[in-house]
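Reader: I'm new to this and I'd like to zoom in on one thing. Could you walk me through the salt bridges, and what surrounds them?

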Amino acid sequence: MALMALREQLDGLVNSMFLEGLLDDQFEQLQMLQDESSPGFIAELITLFCGDSERILAELTKLLDQAVVDYQKVDAFVHQLKGSSSSVGAQHVKLACVQFRQFCEEHNKEGCLGALNVVKHEYYLLRGKFDTMLQLVDVNPHTEEGQPEGQVASHVVQHLQDPYQQNGVKLYRMPETGGIWIL
Amino acid sequence: MSSSRGGNGRGGGEGERQIHVLAVDDSSVDRAMIARILRSAKYRVTTVDSGKKALELLGLEPDVNMIITDYWMPEMTGYELLKRVKESSELREIPVVIMSSENVPNRINRCLAEGAEDFLLKPVRPSDVSRLCSRIR
């Protein structure tokens, strides 16, 4: 019962993100690439994206704080962020980056500062939802020695009455979603 | 530089030899993306984060069957890497695919003229990669 509720919560969250335009169809591509042989793929990508984005936002803040702004460097960072947000399907962040680049081209400092705020707003909004998503999904399903992850999954399915214990936390696998582990 | 774990022996095609792709991208997100797409198509993948590291690896390990590289990278662009590969007598036979997030016709033409096998627009999708299948011997 509780597991189904969690599963519904995860699905509901992702669907609302699609509806709001926070995620675009590139995220669907990621969902299709995640399977039993790579159950932690989305979590890995989201984690990389967030790490990269926060590094870039910190650099941009520093660069725009200078009296004389190096727009080439600013543009290079925004380009990077636009690329990674596009790759994970972070639509609003990507669009905010596109607008940011316009201001860069014009060497418009005020515009850039405003655009940076918009990017930060969109990013942190998305990040909050990604955090919730990751709490509903376990990245590293427990594997017994010598067993590839695919075999572990079916092993767990057979023993849903007897969940795995890892570090005192119970892990289950939802067979329908293939590789999503609910804590 | 990160290497893939060993594959299951079945290549991205028939035969015992698994096709080995070298993926070059300075973005960690995009490296993870392209590696996943290629591995799910049963290729063996090695990823590096720069053209310089790609050339180092190519100097050591001549069993790379295809190179797929981002265009826009600091220090050495994908175009420059393409040129270096095509100028080398040992490496020039290796097909090189360029990826870019920007659809710039001049850029695409320049790369193709320099001998690029194909030009993919990012974000790259599995269907883009399966299209490359037929080109690899």
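Author: Let's start with a word you'll need all the way through: a residue is buried when its relative accessible area is under 20%, exposed when it is over 50%, and partly exposed in between, using a 1.4 Å probe and protein chains only. Residues are numbered from 1 along each chain as its sequence is written, while chains are lettered from A and ligands numbered from 1 in the order in which they are written. The model is predicted, so to speak about local features we need pLDDT of at least 70, and side-chain atom pairs count only at pLDDT 80 or more, though totals for chains, interfaces and linings use all residues; side-chain values use heavy atoms, with hydrogens and water left out.

Now, the salt bridges. Side chains of opposite charge can pair when their charged atoms come close. The rule here asks for a side-chain nitrogen of Lys or Arg within 4 Å of a carboxyl oxygen of Asp or Glu. Over all chains, the structure holds 18 of these salt bridges.

Take chain B to begin with. Asp70(B) and Lys122(B) meet in a salt bridge through their side chains, at 3.2 Å from N to O. Asp70(B) sits in strand E4 of chain B, and Lys122(B) in the loop between strand E6 (118–121) and helix H5 (126–132) of that chain, so this pair ties together parts that are 52 residues apart in sequence. (Helices, H or I with at least four residues, and strands, E with at least two, are DSSP runs numbered from the N terminus.) Are the two partners buried or exposed? Asp70(B) is buried because its relative accessibility is 7%, and Lys122(B) is buried too, at 15%.

Leaving out residues up to four places away in sequence, Asp70(B) touches Val24(B), Asp25(B), Asp26(B), Gly78(B), Met99(B), Ser100(B) and Lys122(B), where a contact means heavy atoms within 4.5 Å. An unreviewed UniProt entry also carries the annotation "modified residue: 4-aspartylphosphate" for Asp70(B). Treat that with some care: UniProt positions are given in the numbering used here, feature names are shortened, and annotations may be inferred rather than shown by experiment.

Another pair in chain B is Arg131(B) with Asp118(B), whose closest N and O atoms are 3.1 Å apart. Arg131(B) belongs to helix H5 and Asp118(B) to strand E6, 13 residues apart, so the pair links distant parts of the chain. Arg131(B) is partly exposed, with a relative accessible area of 39%, whereas Asp118(B) is buried at 8%.

Over in chain A, Asp11(A) forms a salt bridge with Arg7(A), with 3.0 Å between the closest N and O atoms. Why are they about one helical turn apart? Because they are 4 residues apart in helix H1 of chain A. That helix covers residues 2–20. Asp11(A) is partly exposed at 32%, while Arg7(A) is buried at 18%.

Finally, let's look between the chains. How many salt bridges cross the interface of chain B and chain A? The rule finds 3. In one salt bridge between the chains, the side chains of Arg125(B) and Asp25(A) meet at 3.4 Å, N to O.

Val29(B), Met33(B) and Arg36(B) supply 38% of the area that chain B buries against chain A, more than any other three residues.

Methods:
Buried area = accessible area lost by both parts, 1.4 Å probe.
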